[in-house]
Amino acid sequence: MDPREREVVVRVEGLTAAFDDRTILENVTFDVYKGEVFGILGGSGSGKTVLVRHIIGLYEPAAGRVLIEGQDVAAAQDDARLELLRRIGVMYQLGALFGSMTLLENVSLPLEEYTGLPPEAIELTARLKLKLVGLEGFEHHMPSELSGGMQKRAAIARAMALDPAILFLDEPSSGLDPVTAAAFDQTVLRLARVLGITVVVVTHDLASTFTICDRVIMLHKEARGIIAEGDPHELREKSDNPHVRHFFNREAEEDVDRTAEPRTA
Amino acid sequence: MAELTITEPDAATRGLELAGRLDAYSLGPVWTEAQRALARNPDRAIVVDCSRVEYCDGAGIAMLVDLLRTERAPEAAVRIQGLREGFQRLLDQYDPAEFRARPPSRATRMSPIERLGRFGRAVGLGTYELIAFVGESVTALAHALKRPHAVRWGDVLFIAQEVGVHALPIVALIGLLMGVILAFQSAVAMRQFGAEIFVADLVGLAMARELGPLMTAILLAGRSGAAFAAEIGTMKVNDEVNALATMGLDPVRFLVVPRMLAAVAMTPLLSAFAVLIGLIGAAIVMQLFEVPFYTYYLEVVNRVQMKDLLGGLFKSVVFGVLVAGIGCLRGLQTRTGASAVGLSATSAVVSGIVLIVAVDGIFAVVFYYLDI
């Protein structure tokens, strides 16, 4: 489909992210379209998480702006901001489950706060979410009693509790075993295709990227911004940027010349 | 909006026609209504017609699962038809029968005897940990005295600044108020006998022997005891304490010793400072009662002896050890999660203050018999 015809749900315009005098990202611009799975790739320290935190309004941009469904995230106040936050779900890198609540209570919390569903309905809805991430039987466990991967899955269930229009996942597959990660990829795809949920996923899991992402941007530390944008398969095949090729082919950066030469020769 | 219409196609069937958007925000009344319809028709077959459903999110799917999971006779089964293919696939992920039973509960009921036993065990374990911790800290402190270069003096200085220097304003405020209040309350009564000058004796002795050290220790427990527990507790929660242990660095030597040394060095200084400020406060009040400053000064200096001051400062050292020790112990005992850190900090302050008061009582008796 021609991108120009598609509905833009997240628009990042000239975003500059800086802490004190350290600039992490400079003049970053891109769009995310409705219903797509959008990947933010990049090595460690390239500013992926910082970018996502700006998009969801946790940090204020040093310059530029972020629009979610046409609304400026940083400028939204009070009710407008709450309305906007209801449209998004966020899964944090470390899970960020509430340690004093059971898994079921963690997932039920947004349902209790935002919907008028009867308690029985909330419980069942939350249980279905936990089943979706393979945590049935752990409803009454505390997060601290679970492994890191299980906590992560529970965090994903909580982020999806309200079936938000836009789901932000910060490194969902790190810490998951390959089988669970593959199943999780299928879940993400199903949500995107069937419910039309837009998923923005920060990842450096290549297998997962190729399976789920329709489009990716790739950030790089030195460029302080985007060095590539497009379909991950095409980028792998066609990109002439050495950083991009290394990333997709899983090569170390310092091997640039040694591996590049025989190929060109 | 979600809508529900109940139809009666024939005598043996009830139809539930769902329409619109089945989403978490508007589903509540429809869900209740549908459940009621099921309960009202226990022996009729139920056909849920979803052909006019435009959208169905997780909560909508949950409602359908809820209708399907209800246990009914075979001829009165619930059937769902007309659901769009995508939504049907979402529904097919679940087996409604699985959700009939409530999730396994983990609360176990305990008999009073078992509860008593567990309580006793917890108390015993706490005592054991306390004794072990005292032993470990004493060993670590002895080790530090034997080999002073092994102590992380940079940490000690930093903590001493936090415990001592940054506590000066609050210690000054409380010390001053205590001196003023003590002097004022006693002066009003003593004036009736023309004995205002003895206020100097009272304030001097009380501040130096008792109130200065006690008040400083309680402030220390609230400020630094809680801070130690929270800091070490957070390190425990983040696995930092385990990281130290696996690097072969003893957490007690690495975390507890610097804090104890800093607290022991700072508490007597703070305490002396509090005594001094308290006496200044009393001096201000004495001006109001027309006792000249020099007279007041001479009275204090003649009455308060070195042993009073040193006795008070010795108590301060002990209080410093207690507060730092209990703060670090509670920090190291922290279990997991954010609330555990809060519990540790609370417990550090409470047990710190209890220990201070109890030990202060013991000191009072000992000092009395030693005639100090």
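This is a predicted model: local features need pLDDT of at least 70, side-chain atom pairs count only at pLDDT 80 or more; totals for chains, interfaces and linings use all residues.

**Val48(B) and the cores**

Setting aside neighbours within four places in sequence, I found Val48(B) in contact with Leu16(B), Leu18(B), Leu64(B), Leu67(B), Val78(B), Arg79(B), Ile80(B) and Gln81(B).

Next I asked which residues have the most contacts inside the largest nonpolar core. They are Val199(A), Leu18(B) and Val48(B), in a core of 85 residues. I then checked which element gives the most to this core: H6(A), with eight residues.

**Strand S7(A)**

I turned to S7(A), which spans residues 166-170 of chain A. Five of its five residues are buried. Ile166(A), Phe168(A) and Asp170(A) point one way, while Leu167(A) and Leu169(A) point the other way.

**Partners of S7(A)**

I looked up how S7(A) pairs with S6(A), residues 88-91. The two are parallel, with four bridges. Within this pairing, Met91(A) has Leu169(A) in S7(A) as its bridge partner.

I then went to S8(A), residues 198-202. Five bridges join S8(A) to S7(A), and these strands also run parallel. Asp170(A) has Val202(A) in S8(A) as its bridge partner.

Last, I traced the chain from S7(A) to S8(A). The path goes through helix H6(A), residues 178-195. I recorded this β-α-β crossover as right-handed.

Methods. Residues are numbered from 1 along each chain as its sequence is written. Chains are lettered from A and ligands numbered from 1 in the order in which they are written. Side-chain values use heavy atoms; hydrogens and water are left out. Buried means under 20% relative accessible area, exposed over 50%, partly exposed in between (1.4 Å probe, protein chains only). Two strands pair if DSSP finds at least two bridges between them. A crossover is right-handed if, with the strands pointing away from the viewer, the path from the first strand over the helix to the second runs clockwise. A nonpolar core is a set of buried Ala, Val, Leu, Ile, Met, Phe, Trp, Tyr and Cys residues joined through side-chain atoms within 4.5 Å. Contact means heavy atoms within 4.5 Å.
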